[in-house]
Amino acid sequence: MRKDEILQILQPWNLWQGEPIRGVVRPAYFTRLKQFLRDNQVVTITGPRRSGKSYIMRQVMADLVNHGVPPANILMVNFEDSRFENLDVQSLDQIHETYLEFHAPKGEKYIFLDEVHLVPKWEKWVRRVHELKLAKVVVSGSNTELLSREFGTVLTGRHLDLKVLPLSFSEYMAFNNYVVQSRGNSVLDTVTIKGYLRKYLEHGSFPEVVLSESKKEILLNYFDDILYKDVIRRFKIRKEEGLKALFKYYLSNPSSHVTFTSLAKFLNLSHDSIERFSGYLEQVFAASFVKYFSYKVGEQEKNARKVYAYDTGLCNAVGFRFSDNWGKLAENVVFLELKRRQQNTPQMEIYYWKCDRDKEVDFAVKDGLSVVELIQVCWDVSALKTRERETKNLLKAMAQFDLKEGLIITDDEETELKSGDCFVRFVPLWKWLLREEGVLGPS
Ligand SMILES: Nc1ncnc2c1ncn2[C@@H]1O[C@H](COP(=O)(O)OP(=O)(O)O)[C@@H](O)[C@H]1O
Ligand SMILES: [Mg+2]
């Protein structure tokens, strides 16, 4: 590649000339990434395609400049740029040297490598730059590979990871310019907030989708990009139709039990293909699986998993009938919020629990060695029977894990039931989400 070509490709992503991007700031990530940069470690940013990783990087780049770092000291390379296809480690050197030659940065330097996993053996290059203290390095990718095999073995213990997900509920409202007003512990205008929650469940929360009118078109494009670019092309899949059917199946059945054996029959694929494809989908943040809680790994594997999407809008875009299934979407949103919580408590694990065929609790949150929280999602508890069933299952699980409190997340219901010295609290989803994010104080 010629030097002027390289410079031309780099230009729009960097701050050497021209305006920085602005967008809406997402404090949870923005602040954390800035904190990470003060540490002497490589930073990785991972998360679903289009969840906003590049944007956050570029906002932090602009912030560095605002705090006195010369624009010439920052290099951003976006490997998703089609002109950068088929690069290798040597090309990384070439890009880096061209940048150094033409911008002659002095003092502390920063290198941001966006969708870096597209370059084979990138981790060796990053390691060298890091060890020689040539620059602070931030890498991003829509693929967990970044964290495991390739990176893990080369840079063990030497990286901080920021996991970016589509917008949380409070970020979603910020993107809609809505500020939650509260007086003491009570929120004003709950009707508006509940209206936003419906839309949040229906359209999901990819930043671009939230800001745009043509939501469905964008989501269908995301679906195709994940399918073709992230999975089929990257993993060289030949059974394209089978993979597509599987991905569609997962998105159309959020918060449902799946077993690889029955899917193999249903989709006419081998068990091995289903397992492999599911692994790929998980790796590129297209689907996530929750296992049955057991102290025995064998038991976990033997039981069905539950599948969740990284965005509920994607489910609706590919044909999930949400009108009579708000409960499934709500459960999926609770799952995603628990994933967000994982950022602060990385050792936390998410399971579901059951004792008999029908007695089930949606989420058993494990922290360290024990289950510390049990959450049931039940959208409509108005029927007495439903209410009794859900409460009974929860109490049963609470007894097993020796917990005095359990939570049932609902659409509207807010109340508390006492049984012996145990409490079951019913909390509306919107309120739980805002509490989780610290927008509302505890009850
Ligand atoms: N903070 C933000 N403010 C405004 N728009 C955003 C923001 N984050 C993402 N977007 C929108 O979403 C799109 C995808 O975000 P991007 O950062 O490119 O995702 P990723 O790098 O995770 O694939 C952007 O092109 C932009 O339209
Ligand atoms: Mg990006």
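These legends describe close-up views of a predicted model.

**View 1. Two domains in one chain.**
The chain divides into domain 1 (3–164) and domain 2 (171–436). Their C-alpha centres lie 31 Å apart. Contact between them involves 13 residues of domain 1 and 15 residues of domain 2. On the side of domain 1 that touches domain 2, two residues are nonpolar, six are polar and five are charged.

**View 2. The shell around ligand 1.**
Ligand 1 is surrounded by 13 residues. The closest are Gly23, Gly52, Lys53, Ser54 and Tyr55. Two elements, α3 (53–66) and α9 (207–211), each give two or more residues to this shell. By class, the shell holds four nonpolar, four polar and five charged residues. Domain 1 (3–164) and domain 2 (171–436) both contribute to the shell, so ligand 1 lies between them.

The buried residues of α3 are Lys53, Ser54, Tyr55, Ile56, Met57, Arg58, Gln59, Val60 and Met61. The buried residues of α3 pack against one helix, α2 (27–38). They also pack against the strands β1, β2 (74–78), β3 (110–114) and β4 (136–141). Just after α3 comes Gly68, with a positive phi of about 100 degrees.

Most residues other than glycine have a negative phi. Arg50 has a positive phi, near 70 degrees. Arg50 is found in the loop between β1 (42–46) and α3. Arg50 has 21 C-beta neighbours inside 10 Å; the cut-off for a buried residue is 20 or more, so Arg50 counts as buried. Lys236 also has a positive phi, near 50 degrees. The loop that holds Lys236 runs between α10 (215–233) and α11 (240–252). Lys236 has 7 C-beta neighbours inside 10 Å and therefore counts as exposed.

**View 3. Helix α8 and the glycine that follows.**
Helix α8 covers residues 190–203, 14 residues in total. From first C-alpha to last, α8 reaches 20 Å, close to the 20 Å expected at 1.5 Å a residue. The buried residues of α8 are Ile193, Leu197, Tyr200, Leu201 and His203. Gly204 follows α8 and has a positive phi, near 75 degrees.

**View 4. The largest nonpolar core.**
This core has 113 residues. Leu281, Ala364 and Leu374 have the most contacts inside it. Helix α16 (residues 326–344) supplies the largest share, six residues. Both domain 1 (3–164) and domain 2 (171–436) give residues to this core, so it lies between them. In soluble globular proteins, nonpolar side chains tend to be buried together. Ala364 is in contact with Phe293, Tyr351, Tyr352, Trp353, Val371, Leu374 and Ala397, leaving aside neighbours within four places in sequence.

**View 5. Val365 in strand β12.**
Val365 lies in strand β12 (residues 360–367). With 18 C-beta neighbours inside 10 Å, Val365 counts as partly exposed. Beyond four places in sequence, the contacts of Val365 are Leu338, Met348, Ile350, Val371, Val372 and Glu373. Val365 and Phe293 are 72 residues apart in sequence, with their C-alpha atoms 9.4 Å apart in space. Phe293 is itself in contact with Ala364.

**View 6. Lys306 in strand β10.**
Strand β10 (residues 305–309) holds Lys306. Lys306 counts as buried because 25 other C-beta atoms lie within 10 Å. Apart from residues up to four places away in sequence, Lys306 touches Ser255, Ser256, His257, Phe289, Val290 and Tyr352. Of these, Tyr352 is also in contact with Ala364. Tyr250 is 56 residues from Lys306 in sequence, and the two C-alpha atoms are 9.7 Å apart in space.

Conventions. Residues numbered from 1 in each chain as written. Chains lettered and ligands numbered in written order. Predicted model: local features only at pLDDT ≥ 70, side-chain atom pairs only at ≥ 80, totals over all residues. Helix = DSSP H or I, 4+ residues; strand = E, 2+ residues; numbered from the N terminus. Expected span 1.5 Å × (residues − 1). Buried ≥ 20, exposed ≤ 12 C-beta atoms within 10 Å, placed from the backbone. Near = placed C-beta within 6 Å. Nonpolar A, V, L, I, M, F, W, Y, C, P; charged D, E, K, R; others polar. Domains from an automatic or database assignment. Core = buried A, V, L, I, M, F, W, Y, C linked by C-beta atoms within 7 Å. Contact = placed C-beta atoms within 7 Å.
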